[in-house]
Amino acid sequence: MKNLMPKNIVRPVISYGNNIFLGKLAGKWNIPERKVAKGESDKDALEMCVREQAGIEISVGSYLGSHHSGSTKCKWYECLTTTNKTTLGGDLEEIIWVPKNEVVDRCGQEVTSSWSGGIRAYFTG
């Protein structure tokens with residue numbers, strides 16, 4: 001029997017004013033994510049994710065919550081940036097900034113159905 005190690009993923013919810021950063025991957029808009037490497041902190045993984053995907057620096061703020069999918073734990077953090085000038089990188093096909101209250105609609109049911117109720121409420125409440 002295989003020993004499956006749990007996988008930790010982090011998602012930076014990046015705010016610039018009232019707008020939130022979204023990336024398009026495989027034709028779908030979403031909050032980017034990154035696997036946390038062994039020995040890496042969530043903060044380091046979040047900063048690397050954003051640097052690789054968008055070419056911007058962030059400050060990591062509040063922990064927003066998490067959800068599990070099989071052996072994967074996904075943790076969400078509120079992050080701030082001082083610029084909306086991005087450089088497309090990583091696996092992303094496109095980058096946009098959308099008003100916070102439009103994130104769930106823009107990402108769609110297929111993407112947001114795996115998000116916890118608390119995460120969806122963060123964008124709609």
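This is a predicted model: local features need pLDDT of at least 70, side-chain atom pairs count only at pLDDT 80 or more; totals for chains, interfaces and linings use all residues.
Me: Which strand holds leucine 22?
Reply: Strands (E, at least two residues) and helices (H or I, at least four) are DSSP runs, numbered from the N terminus. By that count, leucine 22 sits in strand 2.

Me: How far is the C-alpha atom of leucine 22 from that of valine 103?
Reply: Contact means heavy atoms within 4.5 Å. Beyond four places in sequence, leucine 22 contacts several residues, including Trp29, Glu94, Val103 and Cys107. Leucine 22 and valine 103 are 81 residues apart along the chain. Their C-alpha atoms are separated by 8.1 Å.

Me: How many residues apart in sequence are glutamate 94 and tryptophan 29?
Reply: Glutamate 94 belongs to strand 7, residues 94-99. Leaving out residues up to four places away, glutamate 94 touches Leu22, Gly23, Lys24, Trp29 and Leu88. From C-alpha to C-alpha, glutamate 94 and tryptophan 29 are 8.7 Å apart. In sequence, the gap is 65 residues.

Me: Which side chain makes a polar contact with the side chain of asparagine 30?
Reply: A polar contact is a pair of N or O atoms within 3.5 Å; within protein, one must be able to donate a hydrogen and the other to accept it, and residues adjacent in sequence count only if both atoms are side-chain atoms. Asparagine 30 lies in strand 3, residues 28-30, and counts as buried at 19% relative accessibility. At 3.0 Å, its side-chain partner is arginine 11.

Me: How long is the polar contact between arginine 34 and glutamate 40?
Reply: Arginine 34 is in strand 4, residues 34-35. With a relative accessible area of 19%, arginine 34 is buried. The contact joins the two side chains, at 2.8 Å.

Me: What is the phi of alanine 26 near?
Reply: Alanine 26 is in the loop between strand 2 (19-25) and strand 3. With a relative accessible area of 61%, alanine 26 is exposed. Its phi is positive, in a residue other than glycine, and near 55°.

Me: Are helix 2 and helix 3 roughly parallel or roughly antiparallel?
Reply: Axes are lines fitted to C-alpha atoms, for helices over the stretch in contact, and angles run from 0 to 180 degrees between N-to-C directions. Under 35 degrees counts as roughly parallel, over 145 as roughly antiparallel, 65 to 115 as roughly perpendicular, and the rest as oblique. Helix 2 (residues 103-112) and helix 3 (residues 117-124) pack at about 160°, with axes 10 Å apart. Therefore the two helices are roughly antiparallel.

Me: Which residues of helix 3 make the contact with helix 2?
Reply: Helix 2 contributes Val103, Val104 and Thr112 to the contact. The residues from helix 3 are Arg120, Phe123 and Thr124.

Key: Residues are numbered from 1 along each chain as its sequence is written. Side-chain values use heavy atoms; hydrogens and water are left out. Buried means under 20% relative accessible area, exposed over 50%, partly exposed in between (1.4 Å probe, protein chains only).
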